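Morning, everyone. Please bring up the model on your screens, and I will walk you through a few places in it.

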Amino acid sequence: MEQVSDKTIMFLLIAAIIISIGGTIVSINRLNQLIPRVTGLGTTTTGKVNVTLANVNSISITDSQIDFGSCSPNSSTGSNLSSNISNGTTWQSWGSPGVCVSIVNSPDNITIKNDGNTNLNISVKTNVIASTFIGGDSPYGPLFMFSVKNDSDSPGCNNATGTTWTAQKEFNIGRGMAWNWSNFTVADEDYLACANLTPVANRDSINLFVKLYIPADAPQKTDTNATLTFTATNW
Amino acid sequence: MLNKLPILLIILVIIFLITSLFSFIMMEKVVTPERVEVKKPQTSTAAGIVQVSIANPGYEKEEGNNGAGI
């Protein structure tokens, strides 16, 4: 067999290098242009779909206003007004008969609902305290208080077991709610209203009630108001 | 001329390695789906209003839950 010359081998090598480089460039360019892109996955292989459901922290308010109406406090003792007591046709007047003009839609409360998918701690803060909101100091200083109860149709503030939704009246190991009247003594500070408000359907709401003590010498005011801000954090 | 053959072979191997690397990177881009980061809110807020009008305390009340015995 005839010997191949050095020049021929060199020519073949250089040709191989040029072809290799050129082929690579062309392949990469064309691969980029493919839509949809071609992959090395087989057409009959199995695939997996992974999805992670994120925690959604969301609350909503229904019946967002408690309006006590126009009230004239007792001229010697002042008057207590509790929004969980009717001010309807029986003239209960929020617990102080004759003090306030009759208001329909009483008793009145603010309902907080867990709209998300995770357990929440609910806190409440006010932009004003009683001295600013109401004023007066005789015979006692004014009071601006709140209390939390489970909504009767959708009780959501959970107990320690996490299964029966029989809410504890007081906080215990991070569960329960502010059942007893608590005074807003500081403005813009969070007060815990409910620990562990669940997102389960028909088990997701609490009601906040308000109680006011209006001193006898409270100054006359028209539609004085306080804004309550509810904040939900993950339980 | 033949004594340069090893150098040319080495160049050839390097080119093949680079080609393989490029191909791997391209395939990785094509096959690996992009991750979608879902940001989850940690807090949410809502607001309500408490309102009252205070009229002049001009007369004594007959009964009721008066006083600050709370």
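**A walk through the model**

Start with the aromatic rings. Phe133(A), Phe144(A), Phe146(A), Phe184(A) and Tyr191(A) are linked into a cluster by ring pairs. Rings of Phe, Tyr and Trp (its six-membered ring) pair if their centres lie within 6.5 Å; planes under 30 degrees apart are stacked, over 60 edge-to-face, and the rest tilted.

Before we go on, some ground rules. This is a predicted model, where local features need pLDDT of at least 70 and side-chain atom pairs count only at pLDDT 80 or more, while totals for chains, interfaces and linings use all residues. Residues are numbered from 1 along each chain as its sequence is written, chains are lettered from A and ligands numbered from 1 in the order in which they are written, and side-chain values use heavy atoms, with hydrogens and water left out.

Back to the rings. Over all chains, a search of the whole structure finds seven aromatic pairs. Take Phe184(A) and Tyr191(A): their ring centres are 5.2 Å apart and the planes stand at 90°, so this pair is edge-to-face. Are these residues buried or exposed? Phe184(A) is buried, at 2% relative accessible area. Tyr191(A) counts as buried too, at 15%. Buried means under 20% relative accessible area, exposed over 50%, and partly exposed in between (1.4 Å probe, protein chains only).

One more ring. Lys149(A) has its charged end over the ring of Trp179(A), 4.6 Å from the centre. That calls for NZ of Lys or CZ of Arg within 6 Å of the ring centre and within 35 degrees of the ring normal.

Now the cores. A nonpolar core is a set of buried Ala, Val, Leu, Ile, Met, Phe, Trp, Tyr and Cys residues joined through side-chain atoms within 4.5 Å. The largest one has 43 residues, and Phe68(A), Ile122(A), Phe144(A), Leu228(A) and Phe230(A) have the most contacts inside it. Strand E10 of chain A, residues 205-214, gives the most to this core, with five residues. Helices (H or I, at least four residues) and strands (E, at least two) are DSSP runs, numbered from the N terminus.

A second, separate core has six residues, including Leu13(A), Ile17(A), Leu8(B) and Ile15(B). What about chain B as a whole? Of its 70 residues, 23% count as buried. Chain B has one helix and one strand.

Next, strand E3 of chain A, residues 79-82. In a regular strand the side chains alternate between the two faces of the sheet. In E3(A), both faces are covered: Ser79(A) and Leu81(A) are buried on one side, Asn80(A) and Ser82(A) on the other. E3(A) pairs with E10(A) in the antiparallel sense, over four bridges; strands pair if DSSP finds at least two bridges between them. Asn80(A) has Tyr213(A) as its bridge partner in E10(A).

Last, the backbone. Which bond is cis? The peptide bond joining Ser138(A) and Pro139(A), with omega about 0°. Pro139(A) lies in the loop between helix H2 (130-133) and strand E6 (143-150) of chain A.

Then two positive phi values. Asp63(A) is not a glycine, yet its phi is about 55°. Asp63(A) sits in the loop between strands E1 (59-62) and E2 (65-71) of chain A, and is partly exposed at 42%. Asn196(A) is not a glycine either, and its phi is near 75°. Asn196(A) is placed in strand E9 of chain A, residues 191-197, and is buried at 2%.
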